[in-house]
Amino acid sequence: MKSRQLLLPLLAAITGLVGSHWALGGPYYNLGAFLQSNLPAALIFTTTSPTLNTWSCTSKTVRRVDRLGRPSTFGVTSITLEGNNASFYSNSSCLPSTAITSLTISAGSSTAAYYVSYSTSGSQSTTVSSGGLTSASQSSTVSLDPYTWTGGGGNSDWTTGANWSGGSAPGTTATALFDSNCSTNCSPTINSSAISVKGIRINPGYSGTITQASGISFVACSSAGGFIQEGGTFVGSDGDITCSASFHLSGGTFTSTSGTLSLAGNLTVTGTPSFSAGGGTFLLTGTTATVTPGNLIFNHFTFQKSGAVTLTGSTLKVAGNLTQGGSTSNGVLTGGTIEASGNVTASGTNSGTASNTTVINLVGTNPQTVTGTAGSVLPSITIASPGGVTLSGTIDLAGSWTYTSGTVTAGTSLVRFLGAGTNTINAGSMAFNDVTFSRTQPSTITGTMNVAGDLTIGSSTLNSALTGGTISVSGDVTANGTNNGTAGQTTEIRLVGTGAQTLSGIAGSYLPSVAIASSGTVTVSGTIEVVRDWSYISGTVSAAGSLVQFRGSASSNIDSGEMSFGVVTFMKSAAATITGTMNVAGSLSLSGSTSSGVLTGGIIAVSGDVTANGTNIGTPGHTTDIHLVGAGTQTLSGISGSYFPSITIASSGTVNLSGSIIVASSWTYTSGTVAPGTSAVTFKGSGASTISGAMTFKHLDIGKGAIATTISGTISVTGNLALTTSNTAPLNGGTIAVSGDVTGSCTSTVGGNAVIKLVGTGPQALSSISGCYLPSIEIASSGTVSFSGTFEVTGNWTYTSGTVNAGTSLVQFRTAIIATIDAGSMSFYDVTFKRTTSISITGTLKISRNFVMDLTAAAGMNGGGIEVGGNVTLINNSGGTTTTTLSFVGSGAQSYSYAAGSLPRGNVTVNKPSGTLTLQGNMTLGGASQAFTISSGTVNLNGYTLSVGSGPAGPMSVTGSSSVLQCAGGCGAGTACGQGLGKLACGSLSVTSGGTVTP
């Protein structure tokens, strides 16, 4: 603790009380102060508990001792030091030892010494046991502080030295004391502008009046002192009063000057003092301060601080003008309320925004004006003024704005909402002129905020959102911040002008919702970034050359009515819903970055280019129809992973397709020339798709989910067709005419009743994988079609023209759809029938290798014939009608296997140039007229039973010189053959043209 000390020699003198006095002049009083510690001094103890205040170790002076009452006895029980954490010590060093709490004066003692040290606050009491000072005839004397007003000079002049206890008026290092010691001439006049004191202390017992003379300005307290009034009266005049310390008013009567009272320290009002503002100005200067105004009503009040002013306790009431004139970014008003009945002016160079939380409440019954200067920031404003308020200049506001009552005239003013704290604007029925938001935190609009002039959004951080309510603007709207954020932007900015308005912006400066309800013309200019909705209600809109970007993570609703945009970009990570038709005269870009960035509902009619270039604009709920309606050249382009909704081409010009175009819904061609270039169009997602119109694609990929893709009419693909569906999505309807390769790489059922028609003039490849179901296939090529992989065909197969190279492929005809195979002259490699309904064959189905039948329920084979060069396997046949003939025509070994059910009932012919057909199980050809004919080649029963016909009537013939039927045991015409390993049950057996039956 930094401490200061005063040596207090205590002399116990046994003298007579009456007539005794101190040698330096001045009688003893019932209050006193020690002049110097190195001179003899005596205390007069006329109370049992005296109190000493405000000590100075440097000047060795006790600045004040409270008035001591005169009791009936003179015994001393305690001395209390207070005001500056005074303490008693037993040594004289300024670095004291342990404080003492008691002092004993023995009976008959003549002296007793102790020392006082203090810091800044608190108090301490020391008990004095004074056995030597107990009788009425014993006393001590004490000298007065030299700067206590006594009135001894015979006049009221402050500067007369004889009016002060020390013989000279206080200077800049002394505090002027006024208390009950003065009995006459107790009302001084401050009579010189040269007066400058450390402080003024007016004690509770002071009954006089201190008067400031007319035209006199003075310093009431320097930086180390203060103005403290607990009693008495102070009457100001017209001169200035300066106090570089604090002002504390707790009692008495204070009338301020009609000039300026300047205060650099705290303003504290306690109790119920009487106060008159005097018609002047109360000016706070310096750095920081705390203002506790009590119940006072000031006239003019000016804040000219470079630091924060904290308002506590009661409302600061200003009957005159209020001025905020701070000069640095920290000159702010924090806490509490200021009630202003006069004009409010912000005139500083920059009074700051941080912690600017005070509310200035305009309540005047006469007209008031709020005047601002750019860079001088006010806290919050509330208008409840019966007299009306006029706004003037540039009013910078760090806090909120609330309108309750009164007429507000905005004139040509500009109100700028600044700062980092949250604020609320409840403007009620009043109208602003120009308004700027340049904040780093959200502003909340309650109800409708009317702006008769221009609105500017100039914020520079992500958090400066506008939330709630509506801002109704009759002038221009400008967004020119570097980035004022997307999150929480819910306010609607509504353009309602009757004349020309401009909506302009720059990239990175975000607006919330926009509504156009003008009765004039709105020109859209620059880059407008909108994070919420857009609606058109009325007015003429000119948007040519502008760019409107819809972005952010909140959903958007766009109802643009009959207006037309210039250039539009969707950069959202949430859904945008279109109502009606959104007209875009320029280009349209889809640049969303998440799967939620979808377009739902309505139509976007675009006259310029359409581009999808986001990382993923999503597929779920993607239902909007994008119409290309340009009269000139348009380009539809995309990149992998960026999705379009539906596409309609209704152009009167040319549409160029470019890049990877991914469509989540449908494609419709109505008019215009389409140049597919090298583009690839992919249909993807879980929603239904329709592809219609006689246009030509380059490359086409059907990659849908569980919902069907429907082809209407015939669409042409000059490049490749890929089926990459990953779910059960059939391909239904018309025809896809493909000039390039066809690839089935889907992982589940496609199928359906559409036709994939191969129409190439050169080599084409038809490839697929197992589990990927194809619809109908038609080969009408003028080149060569090469097969590879496994084809699972759910529809028909038609061959018209072209060379077919089946390779080692497997074609499986399956599912429950009735199908037709008209294979013409082409030949398959491996073929499987895995069906639950019949299949009709036109002409001859040629299979160069193996044929597998797995026919269930009522499945059958009807019409035509099947020629097999390899093995035939019957896995199952549940009895469906079969009229198709089966011919074994291979030149090598073939087998005929049977697992279960009934054999097909068409005729069977063996017409092998060479080699043997070997049975791999018992077989009954049960058709009433079913024939088994061996016209060439060898049939080996292989120990199994072959039954032909339903009984002995079944025809069987072995014709041709090279026909051989091998069985175990001999038999002849009309006899049973097969008493050994194999059996031949012959209902009607003829062997002609040199054919043989070998036992």
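**Exercise 1. Find which residues Thr682 touches, leaving out residues up to four places away in sequence.**

Step 1. Thr682 touches Ile661, Ile662, Val663 and Asp701, where contact means heavy atoms within 4.5 Å.

Step 2. Before going on, note what you are looking at: this is a predicted model, in which local features need pLDDT of at least 70, side-chain atom pairs count only at pLDDT 80 or more, and totals for chains, interfaces and linings use all residues. Residues are numbered from 1 along each chain as its sequence is written, and side-chain values use heavy atoms, with hydrogens and water left out.

Step 3. Now place the residue: Thr682 is found in strand S69. Helices (H or I, at least four residues) and strands (E, at least two) are DSSP runs, numbered from the N terminus.

**Exercise 2. Decide whether Thr682 is buried or exposed.**

Step 1. Recall the cut-offs: buried means under 20% relative accessible area, exposed over 50%, and partly exposed in between (1.4 Å probe, protein chains only).

Step 2. Thr682 has a relative accessible area of 12%, so Thr682 is buried.

**Exercise 3. Describe the surroundings of Gly685.**

Step 1. Gly685 lies in strand S69, which covers residues 680-685.

Step 2. Its relative accessibility is 14%, and therefore Gly685 counts as buried.

Step 3. Setting aside neighbours within four places in sequence, Gly685 is in contact with Thr619, Gly703, Lys704 and Gly705.

**Exercise 4. Explore the largest nonpolar core.**

Step 1. A nonpolar core is a set of buried Ala, Val, Leu, Ile, Met, Phe, Trp, Tyr and Cys residues joined through side-chain atoms within 4.5 Å.

Step 2. The largest one holds 202 residues, and Trp534, Phe570, Trp667, Trp797 and Phe833 touch the most other members. Strand S67 (residues 646-663) gives the largest share of this core, 7 residues.

Step 3. Look at Trp534: among the residues it touches, not counting those up to four places away in sequence, are Leu503, Val514, Ile516 and Phe550.

**Exercise 5. Work out how strand S81 is paired.**

Step 1. Two strands pair if DSSP finds at least two bridges between them.

Step 2. Strand S80 (residues 776-793) and strand S81 (residues 797-805) run parallel and are joined by 7 bridges. Here Glu778 stands opposite Thr798 in S81.

Step 3. S81 is also joined to strand S83 (residues 819-822) by 2 bridges, and these strands run parallel. Trp797 stands opposite Ile821 in S83.
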